[in-house]
Amino acid sequence: MCGIVGYIGHRQAYPVVIKGLKRLEYRGYDSAGVALLNHGLKVYKKKGKVADLEDSVVGLDLGGQVGIGHTRWATHGEPSDRNAHPHYSASGQLAMIHNGIIENYAQIKEELQHKGYTFKSDTDTEVLLNFIEEIRNNNECSLEEALRIALRRIVGAYCILLVDAADPDTILAARKGSPLVIGIGKGEHFLASDASPIIEYTKEVVYVNDYQIAIVRADELILKNLGNEKQTPFITRLDMELAAIEKGGYEHFMLKEIHEQPQTIFDCLRGRLLPESGMITMGGVENHLESLIHAPRIIIVACGTSWHAGLVAEYLIEELCRIPVEVEYASEFRYRNPIIHPGDVIIAISQSGETADTLVALENAKEKGAFIFGVVNAVGSSIARLSHAGAYTHSGPEIGVASTKAFTGQLAVLTMMALKMARAKGTVSDERYRTLLHELHAVPEKVAAILKDTASIKAIAEKYKDASDFLFLGRGYNFPVALEGALKLKEISYIHAEGYPAAEMKHGPIALVDEKLPVVFVATRDRFYEKIVSNVQEIKARKGRIICIASEGDSTIPSMADDVIFVPDADELVGPMLSVVPLQLLSYYAGLAKGYDVDKPRNLAKSVTVE
Ligand code: F6R
């Protein structure tokens with residue numbers, strides 16, 4: 001949510017900041033803006049995408065070697081020029097950008113209004129900025145001190161960058177709950193919400209921690225806590241290549257990321273899954289094996305697509321390890337004072353590692369003594385750092401707003417984890433264990449086979465693109481896949497879609513079925529095959545339009561369906577990694593056929609750092 005970029009050094013700041021904003025646009029794209037320190041403080045901002053901002057500043061003097069920029073996902077105030085960041089302070093001397101939400105902004109705003117302040121925007125950011133300026137004026141202190149005092153008063157989450165016309169050699173930054181990375185160059189520093197704007201300039205970065213303030217100059221980086229004590233910056237080397245964040249010849253990031261899956265799943269399994277020797281090596285699991293296998297209960301906490309991966313994990317862990325599992329929406333879990341017993345294990349699943357709901361749910365659970373295991377994609381992210389142990393999915397940067405390769409990476413990690421735990425617990429037979437290792441090993445190749453010919457999926461998407469509603473149905477391991485298919489279609493093509501366990505239809509939703517309703521069955525050959533054949537019959541009898549994901553070689557399901565997409569045969573425990581791929585493509589091509597921006601669907605943003 002909201003992308004933040006800053007630059008200070010010997011280059012022209014504007015091109016660096018704009019390029020960085022384009023890399024971060026997936027985090028929010030309803031307006032964008034920059035502030036440059038160029039013989040005074042100048043702010044340029046515009047409703048719309050970064051390209052609209054660029055168009056609006058053509059011909060202007062955009063010089064200056066210090067700049068901050070922002071791409072917004074609106075929280076307080078509609079998307080508009082005046083609500084776009086950066087905001088000027090009342091005096092016009094300061095400018096600030098902010099990612100997060102200041103929860104007590106209304107109260108602070110009222111205090112400021114009593115003192116005569118007026119506001120040009122509806123944002124909480126402008127309130128915080130004027131609050132900082134008011135403290136500086138009142139206390140006659142430095143801006144840094146005023147910032148510290150203000151941050152101690154506010155409630156909520158923030159990553160802010162602040163510049164002062166009177167001190168053109170400094171950017172002040174601070175974070176709590178919203179990410180901030182600082183890249184260290186030679187005589188220059190780069191600031192950003194994630195490493196993607198930084199990677200082409202330097203691989204040395206510092207991840208700023210919660211409650212830290214960074215005082216950033218061209219050749220100096222000082223970190224302090226809110227008590228004004230200096231803290232040593234911990235420099236990390238980025239393990240990421242520029243190619244990973246570029247489209248590499250694909251029309252969209254989403255398509256690229258779908259097609260990367262054979263490689264990303266392979267990368268996730270590489271070095272961990274050793275089918276010939278019958279081993280799975282996962283340091284995070286091995287070091288805590290006893291806590292994991294003797295857990296009285298496992299609670300999985302996640303949101304959205306990651307929550308769907310959690311549902312698959314519930315099936316896997318209960319079946320293989322015989323440990324009760326609950327799968328919780330992080331946003332609900334965090335607010336209902338959940339009961340956590342000693343020994344309970346929490347598995348947090350998150351692509352970004354920054355999702356605010358998940359993060360806060362984990363912080364609460366950690367305070368209650370739970371052991372947290374993170375299944376995270378973004379290395380060094382807040383959830384990864386908060387977890388006691390974990391396993392990265394190694395899917396590489398996911399830039400398309402819809403999660404695709406991260407989902408299959410999560411499934412790969414969770415399957416290995418369940419198998420390793422089951423082996424240690426003795427709840428899986430030798431033969432089944434070995435079969436599943438080989439099944440898992442074969443997944444990348446099978447995904448590659450699905451991706452070889454996608455023309456029929458494109459044709460189906462075009463055929464049904466004007467439907468107003470869709471149903472997605474599955475049973476067993478394919479039920480979470482149905483939910484994921486519905487979510488993907490909603491977010492990319494804006495077609496209303498719902499996912500259900502196929503057997504639930506007769507308890508209500510079947511009333512929706514008529515000759516206009518496309519119903520997608522995830523109906524691969526598994527233990528529910530006969531049952532789902534009956535469910536398909538029930539829809540057919542009511543004239544629904546049937547689209548099936550079926551196993552290669554099956555002839556029964558195809559004989560009943562209007563359209564079929566085949567996937568290679570696989571054990572049902574690894575099946576979701578295959579059957580979800582055509583559904584990702586279905587939504588991609590439906591969105592494309594409708595002329596939508598599939599990488600940046602309306603109202604959405606990647607990395608949901610507000611609750
Ligand atoms: C859907 C999607 C979201 C995320 C959710 C959690 O395509 O991307 O539903 O899965 O916002 O995000 P992470 O996994 O980053 O915690």
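This is a predicted model: local features need pLDDT of at least 70, side-chain atom pairs count only at pLDDT 80 or more; totals for chains, interfaces and linings use all residues.
Residues are numbered from 1 along each chain as its sequence is written, and side-chain values use heavy atoms, with hydrogens and water left out.

**Entry 1, the shell.** I found 15 residues around the ligand, with Ser-306, Ser-350, Ser-352, Thr-355 and Glu-491 coming nearest. A residue is near if one of its heavy atoms lies within 4 Å. By class I have five nonpolar, eight polar and two charged residues in the shell. Here Asp, Glu, Lys and Arg count as charged, Ala, Val, Leu, Ile, Met, Phe, Trp, Tyr, Cys and Pro as nonpolar, and the others, Gly among them, as polar.

I looked up polar side-chain atoms against oxygen atoms of the ligand. For Ser-306 the distance is 2.6 Å, for Ser-350 an N or O atom of the side chain is also listed at 2.6 Å, and for Glu-491 the value is 2.5 Å. A polar contact is a pair of N or O atoms within 3.5 Å. The protein covers 87% of the 410 Å² of accessible area that the ligand has on its own, by the Shrake-Rupley method with a 1.4 Å probe.

Helix H10 (304–321) and helix H18 (478–493) are the elements that give two or more residues to the shell. Helices (H or I, at least four residues) and strands (E, at least two) are DSSP runs, numbered from the N terminus.

I checked the peptide bond from His-85 to Pro-86 and found it cis, with omega near 0°. Pro-86 is in the loop between strand E4 (66–72) and strand E5 (87–88). Glu-140, a residue other than glycine, has a positive phi near 50°. I place Glu-140 in the loop between helix H4 (124–139) and helix H5 (143–153).

Note on methods. A polar contact is a pair of N or O atoms within 3.5 Å; within protein, one must be able to donate a hydrogen and the other to accept it, and residues adjacent in sequence count only if both atoms are side-chain atoms.
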